[in-house]
Each structure stands twice: as structure tokens, then as C-alpha cells.
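Please open the model in your viewer and keep the selection tool at hand. The stops below are taken in order.

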Amino acid sequence: MIRKSKVLVAGTAALALLLSAAACGGNDDTDGSTSTSKAEFNAAMTKVFNPSDKKGGTIKLANSGDWDTVDPGETYYGYSWNFLRLYGRGLLMFKPTPGAEGNKVTPDLAEGLGVPSDGGKTWTYKLRKGVKFEDGTEVKAADVKYAVLRSIDKETFPNGPAYFEGFLNLPANYKGPYKSKGVNTDSAITTPDDSTIVFHLKSAFGGFDYLAALPQTVPVPEAKDTGAKYKEHVVSSGPYMFDQNNLGKNFSLKRNPNWDQATDPNRKALPDGYEVSLNVNADDIDNRLLSGDLDLDVVGTGVQPAALGRVVGDPALKAQTDNPVLARLWYTSINPTVAPLDNIECRKAVEFAADKTGYQTAYGGPLAGGDIATTILPPMIPGYEKFDLYPAGADNTGDVDKAKAALAACGQPNGFETNMGYRAERPKEKATAESLQQSLARVGIKLTLKPFPQGDYFSQYAGNPPYVKANKLGLVTNGWGADWNDGFGFLSQIVDSRVIRETGGSSNTSVRIPQVDQMLDAAVAETDTAKRDAQWGPIDKRVMEEAVILPGVYAKSLMIRPKRLSNVFVSEAYSMYDYLSLGVA
Amino acid sequence: MITYIIRRLFAAVVLLFIVSAATFAIFYLVPRLVGSTPETLATRYVGRAATPETVNLIAHRLGFYDPVWVQYGRWIKGIFVGANYDYGAGVERCPAPCFGYSFVTRQPVWPDLLDRLPVTLSLAIGASVLWLGFGLSTGVVSALRRGSLLDRAAMGFSLAGVSLPIFFTGMIGLLVFSYKLGWTAPGGTYTPFTEDPGQWAYALLLPWAVLALQFSAQYARLTRAGMLDTMGEDYIRTARAKGLRERDVNIKHGLRAALTPILTIFGLDFGLLLGGAVLTEQVFSLPGLGKYAVDAINTNDLPKVLGVTLMAAFFVVIANLIVDLLYAVVDPRVRVG
Amino acid sequence: MVVGPGTQVPIAADPAEGAKAIEGRSLGRIAWTRLKRDRVAMGGGCVVIFLILVAVFAPVIVDLFGSPPNEFHQKLIDTSTLAPYGGTGISGDHLFGVEPQNGRDIFSRVVYGARISLLIAFLATLVSVVIGSTLGVIAGYFGGWVDALISRAMDVFLAFPLLVFSIALAGVIPDSAFGLSGDSLRIALLIFIIGFFSWPYIGRIVRGQTLSLREREFVDAARSLGARSPYIIFKEMLPNLVGPILVYATLLIPTNILFEAALSFLGVGIRPPTASWGGMLADAAKFYTIWHFMFFPGIAIFITVLSFNLFGDGLRDALDPKGKR
């Protein structure tokens with residue numbers, strides 16, 4: 001699957017086609033190829049549903065929790081990155097297009113993609129002219145540099161992505177512009193003129209364009225920056241700006257008078273505004289989506305169990321849903337630091353004995369949960385290879401005979417006892433743990449379940465190696481979604497042994513294979529996309545051979561398609577509806 | 001009278017201090033007893049990528065290394081003069097009354113509490129009107145028609161009412177009246193009274209009814225018992241003998257005497273309810289103080305829980321104080337005692 | 001005032017007859033006679049005994065009529081909707097149907113839930129009875145500053161926003177502490193929290209009773225004969241306190257059952273997969289459109305609490321006919 005080909009023309013062509021189809025009233029069902037208006041299951045998966053150019057109206061969204069933060073320097077949720085493009089323009093962005101094209105980056109604030117030099121160690125971007133902040137001042141390269149640098153301060157923005165500080169050639173002990181005031185950072189980022197920004201890396205990184213598409217490159221005017229308080233008033237550079245913002249309750253966006261369509265090929269800015277309610281009851285969101293009183297569940301993780309039965313059981317309602325696959329794997333780590341799982345045969349016994357159907361049901365079944373996984377990479381990640389080292393039998397409920405054989409080879413023919421950790425606040429992980437407890441008991445592996453608080457799960461419990469060892473946490477539930485859909489974005493944080501910290505905090509709890517570390521280094525240094533992508537599959541396989549990860553499901557979500565809106569389609573980059581193109585029909 | 005009021009006020013303040021100290025101790029002492037260190041407490045306030053040095057720094061900045069009583073003193077001081085929190089990126093001002101500062105949402109707790117209070121207040125007031133009306137009238141009728149079918153039915157019903165957990169009646173109510181019949185609002189909807197009184201009442205109807213069911217059962221039993229007690233007293237007989245009309249005897253003398261203990265219990269109940277109708281708010285997903293506390297527990301946001309607990313204690317103490325003072329007005333004997 | 005049979009106001013029907021019958025019999029026997037005549041209370045008592053038997057013999061019952069409480073039956077589940085096939089899954093094998101998603105037998109979980117519920121409620125009541133009667137007797141007997149101190153302490157406890165406070169306390173305790181872990185820790189913790197916060201209810205009653213007993217002749221007599229305080233407390237007063245303590249303990253049990261269910265419902269009580277009624281209701285709340293999942297654990301709580309209340313009320317009336325009613 002070579003999706004990330006460099007043939008940019010194809011993408012532009014598709015976009016042009018999409019625009020023209022919309023402009024010429026592509027409501028025609030027979031047109032079929034790029035748009036549709038027929039309400040059926042998965043209608044908005046690869047086509048634009050209900051295309052229209054009509055302006056006006058307000059889109060209503062709700063979030064069952066709090067927004068992590070609307071500050072572009074810290075936000076770390078896919079839905080937030082998707083939504084943020086309404087009020088902020090980063091250097092690059094994911095293309096607002098249905099289908100595989102949506103996984104590609106396209107210039108936004110920048111005029112073109114990054115120009116690498118020095119073998120991939122230096123990346124240069126040219127900014128568009130005439131882009132303005134909401135107060136009318138022009139966006140300069142220095143604003144982008146400042147935005148990137150401030151996001152490095154992890155005391156102010158503890159939960160933000162940490163890629164830039166990892167790759168940029170920053171001065172030693174640089175702590176961001178608040179604490180390291182006046183420190184010269186030209187070794188990392190230079191701005192030769194107001195419309196040029198150059199990034200200098202420590203080592204070559206072929207995929208830097210993905211970093212340039214992070215919201216951390218959305219410009220922030222230094223004069224208006226209030227540090228951690230900036231989220232109370234983010235200064236817009238996109239078509240919409242904050243109107244009201246009541247933290248923890250709701251906020252609304254209105255049109256930004258200083259946004260100029262001429263500077264922006266990606267956005268149509270159809271509605272007049274957006275209203276977002278926070279901390280709304282999740283079941284209530286589903287009910288209101290079905291009645292059309294609400295347009296979108298902004299988090300985009302799909303319906304609750306209560307609504308699932310209703311939606312799936314009623315063909316009319318099911319036609320009003322889409323069921324995308326997410327670039328997310330739900331899995332269980334098998335910790336080789338805990339005896340007897342230090343023996344690979346005992347780990348294999350776990351792989352064979354696990355009831356994969358039970359795992360799937362724990363996450364909500366084939367529609368709301370996902371597809372049964374046999375690899376670490378989900379199929380949508382370029383470089384994915386299909387293989388199954390531990391077949392779970394005809395009905396996917398586990399292979400008890402092979403598990404028993406593995407146990408015998410491990411010297412534990414009657415099974416053994418170990419503990420399993422999960423996040424107490426997550427009913428699906430609880431269900432997973434209970435399911436594994438059941439299926440492993442068939443071969444004599446007795447699990448004691450240990451719920452841990454979500455907030456400290458990785459720092460103190462499941463991701464803390466001394467704790468894991470001392471408390472014999474043989475298995476821990478885990479989940480991982482890519483920051484962007486690429487092998488590096490998916491694998492680096494969960495299979496590289498060097499991200500494991502003895503003090504805790506790493507998502508990787510069980511993979512310590514020196515050979516895998518070397519394979520990762522080789523892949524990262526490769527600048528040719530196709531060649532790089534070809535290396536992820538073998539890494540996946542090598543990790544699976546060690547039986548330190550029990551893949552559960554490739555996540556899917558069952559989403560209720562907004563009734564009232566136009567231009568609805570699923571963005572492959574975010575695996576949810578694209579929030580940039582929507583209009584009120 | 002003045003000295004009595006002053007004495008009660010003083011007692012109330014002392015009570016509040018003790019409650020707050022005990023609450024504080026739970027959050028800062030109990031975790032230590034079970035093995036938490038200042039560092040593990042501090043990890044809650046830093047991000048996932050924190051180094052041990054950062055954790056140490058934050059633990060120092062937040063004063064987790066100080067003795068608990070010093071931390072408590074600082075917290076109390078914050079209520080009166082406000083406090084500053086240094087979480088790394090600059091100093092955060094938490095103005096008085098500073099009930100703590102959440103490091104999860106980076107907001108002072110007090111405005112949150114003020115924000116949630118109207119929801120809980122709406123819930124408590126509406127429900128108490130319902131249960132007082134329903135409970136008292138049922139109790140009076142039962143007492144007057146003692147032993148009748150009506151009495152037995154009412155008492156059976158109220159015994160059932162006190163035996164039903166509110167989260168069960170709430171769930172059944174949602175299933176039947178909201179989901180199946182569509183008469184009442186689904187859970188999770190709340191519109192402030194100031195925005196739309198109609199929607200406000202619509203959303204709260206089922207929670208009110210469920211709360212009232214439980215409480216009116218208790219109040220019916222209490223009223224009935226109180227009425228029966230007083231109806232046997234000499235002065236009631238005297239009143240009857242004087243030739244007062246039966247209705248006047250029942251209402252003026254019987255009910256009034258029965259009301260005094262009910263007033264006490266009502267004060268306590270109402271205060272407790274204001275402090276967070278935890279279960280009701282949880283079942284109906286109402287964004288009140290109780291749900292705020294539960295959500296805070298789930299996110300390990302201790303300053304918020306501490307804030308709610310103290311506020312809840314405050315309402316109980318105030319409600320008791322008001323009841324005490326009302327007594328003193330109604331019944332002069334109390335002042336001496 | 002004639003009270004018909006079967007009402008729940010079981011005051012001795014004819015005071016004169018009652019007085020004659022009492023002659024020469026112990027207080028306990030009189031109470032028992034009265035209690036036996038109260039059919040509603042006896043009904044409640046029978047249900048209580050039945051529930052205790054269910055809890056004790058849970059493994060046997062489940063063996064006969066159910067399947068292990070944590071065993072999955074996912075073949076009975078429609079995986080695309082997570083609901084059991086046929087809506088509830090009620091059948092000869094699963095008397096109360098199965099849970100959505102994992103298909104656990106609801107009957108078995110309700111039966112095992114009775115164990116948790118009753119165990120915690122009884123032991124928590126024991127804790128409050130021990131603390132409450134001890135402090136109540138001390139306060140009532142010694143009076144003065146001791147009484148003032150204990151009474152103030154009771155005021156403080158009663159002013160606590162109990163539920164918020166308990167969820168906070170139960171929430172900050174990690175998975176293993178005080179040398180315990182898992183279910184045993186949670187059970188011990190719940191017993192402690194519930195018992196510790198309920199003692200003032202017993203304490204107030206006992207203090208009041210002690211105060212009035214202190215002034216009675218037989219206590220005076222003992223004191224003038226030179227009896228020391230411990231003797232008076234244990235030999236003279238305690239036997240007279242057993243009745244009220246028993247009544248209020250019986251009435252405290254249903255409150256404690258509701259308390260435990262509430263904590264488990266809020267997710268700070270018994271941890272999954274161990275079955276508890278409150279925890280089952282919390283699970284059922286996520287599937288609020290599936291009626292049988294919430295119905296059976298909810299009804300179990302209702303029946304248990306109701307029968308304890310009926311029995312407790314009857315007991316109070318039997319021991320103290322002139323009581324509140």
C-alpha cells in the first residue's frame with residue numbers, strides 16, 4: 001500500500017474535482033465518484049456526502065468531556081487538531097479531502113511543502129503573504145518560530161507533543177522563551193526574512209513535514225501570549241475566531257474579519273459560526289445527534305453502548321452512520337520482566353490462549369469496537385503487512401491446545417499466576433481484563449485484576465518498570481493511536497526500548513529488543529518515503545515474534561452522521577468527520 | 001438572645017475548622033500512610049514526560065515537603081487573603097476566597113463551585129417543595145385516619161420509598177418516562193432558570209420527583225409519628241374540650257407541634273443536599289456540586305474535592321445554625337439550654 | 001384505639017391484657033411474644049433469614065441454579081449491538097438473563113452480591129455499635145466535660161457531608177495498603193468507612209438512655225453500696241441498654257446496605273469483577289435501554305432493605321410499645 005507517493009498532482013486534481021463537483025451542484029447521485037446524497041451506511045467514508053456551497057448557519061458540537069486545551073501549543077487530541085484548523089493555520093495541514101488523499105499533508109500557512117537540505121537535517125518553509133491575525137497584524141515567520149519555541153516549555157504545556165524538542169538542534173538546557181528569555185535559538189530555527197522559516201535538526205529526519213503539520217506551528221503573537229492562560233484567548237489566524245470562551249462549559253467561534261479567502265486554498269468557511277458545549281452527558285449526545293438537535297460529537301469516537309443497540313437494530317438509523325477504521329490499536333503488553341513471562345514460551349501461551357472475539361466484544365464488537373488484530377500496525381498505516389503468528393482458532397476464541405503445548409515447553413504445564421493491570425476509569429479495559437481472565441483460565445493461567453487510576457497509569461503503575469516488576473504485573477492493557485499515519489508516528493513510542501524510563505511515564509512497557517531499536521534507526525534515516533515505509537512491516541513482525549504484545553483490536557468507531565450538514569466526509573488523517581469543510585445544508 | 005446567637009456562631013465556626021482539618025488530613029495524610037511521597041503527589045500535576053527533577057521541583061514549589069499542618073495553614077490563609085500558585089510557567093493568582101487551585105484544569109476552584117451551585121440549589125429547592133408538600137400532607141392524613149386503608153397504603157408506600165436506592169429509581173425513571181414514553185427530559189440536560197424557566201423545569205422534573213419520592217416517604221412517617229404523639233397530649237384534649245373545631249385542633253396544635261422535629265431534620269437534609277446530591281446528580285448527569293466531586297475524584301483532582309467537601313460542610317453547619325436560631329425564636333426555653 | 005390485625009402498628013392490642021401477661025416474664029420474652037404477633041415484622045424477619053442463608057450458601061445455590069458469577073457467555077450476545085439475543089437472555093440456565101456485552105449470569109451475580117452487601121452491612125454495623133455504645137455510655141455516665149467532648153464529636157460527625165467525604169476517602173486509598181489488597185482491602189475499607197461514620201447515631205441513643213438510667217433507683221442503690229463505675233456500667237446498665245442497641249443496630253443495617261451500594265455505584269466501593277449490587281447498577285447505567293440488567297440488582301437491594309426495615313420497626317415496637325408511634 002503506497003499511499004504517500006510523492007505524486008502531488010493527483011491530490012491537487014482530486015481537490016479540483018471535488019471543488020468543481022460541489023460548485024456545479026454535484027448533488028447528482030449517479031455522479032458517484034466523489035460525492036453522494038444518498039443516506040446509507042458508510043455513505044461519507046470515501047465520498048463527500050451532501051455537497052453544497054451554501055454559506056451561513058451555525059454548527060453545533062458537543063464534547064462529553066472537557067477539551068484538553070484549545071492552545072495550539074499543547075493540545076494533543078486528534079479531534080482537537082482537526083477542529084483547530086478553523087481558528088489556526090499551521091505551516092502544513094492534512095488535506096481536507098475524502099479517501100486516501102486525506103492522509104497527505106498540504107501547504108497551509110506555508111506556500112509549499114518543506115524543502116530539505118543537508119541530507120534532511122535542514123528544512124525550509126516559505127510563508128504565504130497577506131495572512132493576518134484576527135487583530136489585523138500580518139503573520140510573520142517570527143510568530144511561527146515563537147509558537148514552536150513556547151511549546152517546548154513542558155512545565156507550562158506538560159501534555160503537549162514533544163517532537164520538536166527531540167529533533168531541533170536547541171541550545172543545551174533550553175527551556176522555552178518564558179524561562180530562557182533572550183537565549184539565542186538560531187541553532188534550531190532561523191527566520192532569514194519575515195516570510196521564511198528554517199528548521200535545523202540534530203539528525204536527519206525524512207518525515208519532518210509531519211511535524212510542520214502539528215498545531216504547534218500555528219503562529220502565536222508574542223505580545224498577546226499569556227503562557228498557560230493563552231487558552232482563554234487564542235489569537236486566531238484562520239477563518240474563525242473565539243467569540244465566547246467559558247472554560248469547562250462551552251465556547252463559540254465567529255467569523256474572523258481579517259481572514260482572506262485569497263490566501264487560503266483549503267478552507268471554504270461556509271457556516272457563520274460554531275457552538276461547542278463541553279462536559280455533556282455522552283448518552284445525551286447520542287440522543288440529540290439522532291434527533292438532529294445536535295450536529296456532531298466532536299470527539300469522534302462513536303456512539304455509546306446504549307445507543308449502539310438502537311442504531312444497529314434499526315435500518316433507517318444505521319443508514320445514518322459511518323464506520324471508519326482508526327489508526328489505533330488496543331492491545332495488551334506482556335511484560336518479560338515478570339516471571340514466568342521471562343520465558344518466551346509462557347508469553348506465547350498467553351498469545352494462543354487469548355480469546356480474540358472476547359477482546360473484540362469487550363471493546364464493543366465489530367462495529368463499535370473494531371476488527372480483530374494480529375499485528376501491531378493497523379492496516380491503514382503505510383507499510384502494514386498482514387500476518388498472524390499466533391492463530392486463535394477457527395472462531396477466533398483462542399487455540400487452547402497450542403497454548404497448553406507452549407505452557408509445557410515453558411515448564412509450567414499446569415499454568416501459572418500473574419497480575420493484570422488496567423485503567424479503572426475505562427469500562428472497555430475493564431471488560432478486556434475480565435475477558436482475558438476468563439480465556440486464560442482455560443489453560444490454567446490465573447489472572448488477578450488490578451485497576452489503576454488513569455492519570456497515574458503510566459507514570460506510577462503500568463509504565464513504571466520497577467513497579468511492574470515488584471508487583472508482578474505480567475499483563476497490562478494499553479492502547480496506541482498514531483500522532484500521524486506513518487510507521488514512525490505509530491511505532492516509535494511503543495516498540496523502541498530507549499523510550500522506557502526507569503522513573504516511569506512511557507507507553508512502552510514491554511518491548512526491549514535491541515535489534516528492533518536498530519531497525520527503527522535505519523528506517524528513520526531513510527529519506528525515500530517508499531523505502532522507509534517498506535521497513536515498518538518487518539519491525540512489526542520482529543516484535544510479534546518475541547510475543548511481548550498481544551494485539552487486541554484495530555479500533556473502529558460507529559459515528560452518527562450529522563443530518564443537517566453539507567460536505568460531510570470522513571478524514572482519513574483523523575478517522576472522523578473532517579471539521580473544516582462542513583456547511584449547514 | 002445575643003449571647004446565644006454568638007455562642008452558636010462561634011460553635012459553627014469551630015465545627016467548620018474541624019471538618020476542614022479532617023478533610024485536609026484525609027487528602028494529605030492518608031495517601032502518605034499508604035506509601036505516597038511528595039514526589040508521587042507532584043506527578044499528578046506534571047505532564048507525562050516529566051523528569052524526576054521536574055517532579056522534585058514542582059513538589060517543592062507546591063510545598064508538598066512541608067509538614068501537613070503548615071500546608072493546612074497555608075490553605076486556610078488562602079481562603080481569607082487568596083494565594084499564589086507557582087506551577088512553573090509563572091505565578092498563578094487565586095484570589096480570596098481561594099478554596100484551592102486545580103492543577104488539572106489550571107483554574108481556581110471557587111468560581112467552579114459558584115458555577116455549579118445553582119444547579120444543586122435548583123435541584124434541592126424544587127425537590128424539597130415537592131417532598132414537604134407531599135410528605136406532610138400524607139403524614140397528616142395518615143395520622144388522622146389512623147389504621148384506615150389509606151393510612152396503611154400511605155405507610156406501606158413510604159416504607160417502600162425509603163427502601164429504594166435513589167440511583168435505582170432514577171435509572172428506572174429514565175428508562176420508563178424518558179426513554180420509553182418520552183415524557184421527561186433525558187439525563188444530562190440542564191438549562192439555567194435565567195435562560196429558560198420552562199426548559200429548566202422540564203429537565204429537573206424527573207430528578208425532583210425521584211428525590212421527592214425518597215424524602216417524602218421519610219417525612220410522611222415522621223409527620224405521622226409526630227402528630228400521633230402530640231394528639232395524645234393533654235393540651236390537645238384541653239383544646240378539644242374547649243370546643244375548638246376539630247380542624248383547628250389538628251392543624252394549629254397537632255401539626256405545629258409535629259413540625260418542630262421535622263424542621264430540624266429538614267435543615268439537616270437540605271444542608272446535606274446542597275452539599276451535593278451526589279447520587280441524583282450522577283444518575284441524571286446534572287452538572288451540580290455532587291457530580292463535580294465525583295468527576296474530580298475520577299481525575300484525581302484533589303483540590304476540587306477538598307473544595308466541595310468544605311462547601312458541603314459549610315451548608316450543613318449553616319443549615320443547623322439557622323434551625324437553632326429559629327428554635328430560639330419559636331421556643332424561648334432553648335436559649336437557656 | 002383499636003388496631004386491626006396485619007397493620008404495621010403492632011402495639012399491644014389491649015393494654016390491660018398485655019399488663020397481665022407480662023407478669024413474671026423477662027423483658028426479652030415479652031418482646032418476643034409481641035413480635036410474634038406482628039405478622040409484617042415476622043415476614044420481614046423471615047426474608048432477612050432467607051437472605052442470610054442465600055448469602056451463606058451462595059456457592060451451592062449458584063452451583064444448582066446458575067453459573068460462576070464471573071464466567072462469560074458471549075455466545076449469547078449479539079456482538080454488533082452487545083445486547084443478549086432475545087433482549088434479556090432469560091432462560092432455564094440463566095434465570096435473570098445475562099449481562100449485555102460479556103454475558104455473565106445475572107442471577108449468580110445477584111446471589112454473590114448478597115454476600116458482599118450483607119457482610120459489609122453487618123460488620124459495619126458492628127463497628128458503629130462498638131464505637132457508639134462505648135462512647136455513648138461513657139458520655140452519659142460520666143457527664144461533665146467528657147460528655148461535652150463526646151457530644152461535640154458526635155455533632156462534628158453528623159455535620160460531615162457523609163457521601164462526598166466517603167467517596168473522597170475511598171477514592172484516595174490505592175489498590176493495596178495496610179497489608180491488604182484486592183477485595184479484602186476494599187471490604188475492610190468499606191466496613192471501616194461506613195461503620196466509622198455511623199457510630200454517632202447509636203452513640204446519641206445510648207447516651208440518652210444512659211443519662212436516664214443513671215438517675216434510676218437501682219443504679220443509685222448500687223452506687224451507695226460502693227459499687228465502682230465499671231461494675232455499674234457493665235452489670236447494671238448494659239443489660240438495660242441491649243434492647244435499644246439491638247433495635248437501632250437492626251435499623252442501621254438497611255442504611256448501611258444502601259450506603260455500600262451507593263459507594264459501589266459511584267465506583268469507589270467493591271472493585272470489578274467481584275459482583276456487588278451497586279456495581280452492577282453502575283454497569284447497567286451504561287446500558288440504560290436494557291431493563292433486566294438494572295432491574296434484578298435494584299430489586300435485590302429493595303427487598304433486602306425493606307425487609308430489614310420492616311423487621312427493625314417491629315422489633316422496636318415490640319421492645320418499646322410506647323415508642324415513637
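Begin in chain A by selecting β10, β11, β12, β3 and β13: these five strands form an open sheet of mixed pairing, in the order β10-β11-β12-β3-β13. Strands here are DSSP runs of E of at least two residues, helices are runs of H or I of at least four, and both are numbered from the N terminus; two strands pair if DSSP finds at least two bridges between them. Because β10 (240-246) and β13 (296-297) of chain A each have a single partner strand, they stand at the edges, and one side of each lacks a neighbour in the sheet.

The model is predicted: local features need pLDDT of at least 70 and side-chain atom pairs count only at pLDDT 80 or more, while totals for chains, interfaces and linings use all residues. Residues are numbered from 1 along each chain as its sequence is written, and chains are lettered from A and ligands numbered from 1 in the order in which they are written.

Next, select β11 (250-255) and β12 (273-277) of chain A, which run antiparallel and are joined by five bridges. One pair to display is A:Asn250 with its bridge partner in β12(A), A:Ser277.

Move to helix α16 (487-495) of chain A, where seven of the nine residues are buried (20 or more other C-beta atoms within 10 Å of a residue's own, with C-beta atoms placed from the backbone). Among them are A:Phe488, A:Phe490 and A:Leu491. The buried residues of α16(A) pack against β15 (325-334), β19 (475-481), α17 (514-525), α18 (529-533) and α19 (536-545) of chain A, contact being C-beta atoms, placed from the backbone, within 7 Å.

How values were computed: Buried ≥ 20, exposed ≤ 12 C-beta atoms within 10 Å, placed from the backbone. Contact = placed C-beta atoms within 7 Å.
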